[in-house]
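Biologist: I'm new to this one. Could you take me through a single part up close, the place where the two chains meet?

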Amino acid sequence: MTALSPPGDLLARVAAQSLDDDYAAVAARRTADATAGQAGAAAARRVTGLTFGGAVAVLAVLLTISALETRDAASQAEADRLALIDRIEAEQIDVAELRDAAGAVQGSVDDLRNAAIEIVGEEAVLDDVLTRLEAATGAVPVSGPGLRIIIDDAPGARPEGLVRDTDLQLLANGLWEAGAQAVAVGGQRLTTRSAIRTAGQAITVNYRSLSPPYVVTALGDPDTFAAEFLETPAAQSFVDLQSNLGVRFEVASVDSLTLAGRPLSIDQADQIDEGLP
Amino acid sequence: MIALLGLLVGIVAGLFLEPAVPISLQPYLPIAVVAALDATFGAFRAMLDGIFDEKVFVISFVSNVLIAALIVYLGDQLGVGSQLSTGVVVVLGIRIFSNVAAIRRHLFHA
């Protein structure tokens, strides 16, 4: 079967030489041997008998192994594919759940943001209220226009010429009556817990002893405060004391006064919430 | 008879021993199988032609398998393993087809 295919036609030549040339060559030689009368062919056959069986066995082993391998690989690939599909489905479910969760969280984020905005607004209101309360109750320093009143004992050592705690109480009440927004006596701010009273020989405010002359400062409307105050009974009574006993009583309007604050703390009284003032 | 025995022994050995193919040899197994098939069909055709010889078959079988695997191995080392595999498969496939055609002509006279 020696083929002479057209040169260059590779595939055709491959097809034409599909049978190994050795078969033809050996067959030709054997024919020649037979005609020459030699009888070695049978012996050669017996020698190669075992090798032939071995070759066939090797072929069978190759085919079997490769079939097994392919089947294993195929089943493994199939198992991998199924496992992948399972995982994909599981992950898709997870993704959907996470998306829902994200949506819910987004909703609560929006709610919280709105709440935060409201809280910020309330905080501003509360800050405002706190500032006003602190100023009104005397907890923090304040400044503004007001009156400075100087009171002193009458000259001479007559007991009726001495300024007493009741005089200063009267004066403070008169200032409040005239519309004072903050009052300090001898530099001591009058707060919601301040007392003016006598202890021993001295008058005390906020438990601090004062000595004459007593300087009382009060903040109020610069247009009306002085006039209002001078019309109060307290002012009248001081005017009387001044003219009758010589007690010193000087009232001066001041453009800018600063009154110290006195921090207040409450730990025994519970607050009852009745709305913001 | 010997051939049948060898076939049985080989199949049984392959099935029951299930020899694990080393990972490094796995790429060459399919090519070796194709080469072995080629040698087998060639032998069958030679038998029908009346020129079969066992020695030639053994030699062509072993050398075909080894050379095919060697070519693919070389191709792998050179970085053209898949192309050379394709070439080997094409050549062996054409040979198998034309051998089977010859066998068919012998058997069916068609």
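This is a predicted model: local features need pLDDT of at least 70, side-chain atom pairs count only at pLDDT 80 or more; totals for chains, interfaces and linings use all residues.

Modeller: Polar contacts come to one residue pair between chain A and chain B, with both residues at pLDDT 80 or more. As for who touches whom, 34 residues of chain A are in contact with 41 residues of chain B. Putting the two chains together buries about 3,400 Å², and 74% of that is on carbon and sulfur atoms. On chain A's side, Ser18(A), Tyr23(A) and Phe52(A) lose the most area to chain B, together making up 20% of what that side buries.

Now for the elements on that side, and the residues they bring. Those giving two or more residues to the side of chain A that touches chain B are α1 (10-16), α2 (21-36) and α3 (41-137) of chain A. The largest share is from α3(A), with 20 residues. Sort the residues of this side by kind and you get 21 nonpolar, eight polar and five charged.

Over in chain B, have a look at helix α3, residues 54-78. Its 25 residues should span 36 Å at 1.5 Å a residue, and the end C-alpha atoms are 36 Å apart, so the two agree. Along α3(B), the buried residues include Phe57(B), Phe61(B), Asn64(B) and Ala68(B). Just past the helix, Gly79(B) has a positive phi of about 85°.

Terms used:
Residues are numbered from 1 along each chain as its sequence is written. Chains are lettered from A and ligands numbered from 1 in the order in which they are written. Side-chain values use heavy atoms; hydrogens and water are left out. Contact means heavy atoms within 4.5 Å. Buried area is the accessible area (1.4 Å probe) that two parts lose on being put together, summed over both. A polar contact is a pair of N or O atoms within 3.5 Å; within protein, one must be able to donate a hydrogen and the other to accept it, and residues adjacent in sequence count only if both atoms are side-chain atoms. Helices (H or I, at least four residues) and strands (E, at least two) are DSSP runs, numbered from the N terminus. Ala, Val, Leu, Ile, Met, Phe, Trp, Tyr, Cys and Pro count as nonpolar, Asp, Glu, Lys and Arg as charged, and the others, Gly among them, as polar. The expected span of a helix is 1.5 Å times one less than its number of residues. Buried means under 20% relative accessible area, exposed over 50%, partly exposed in between (1.4 Å probe, protein chains only).
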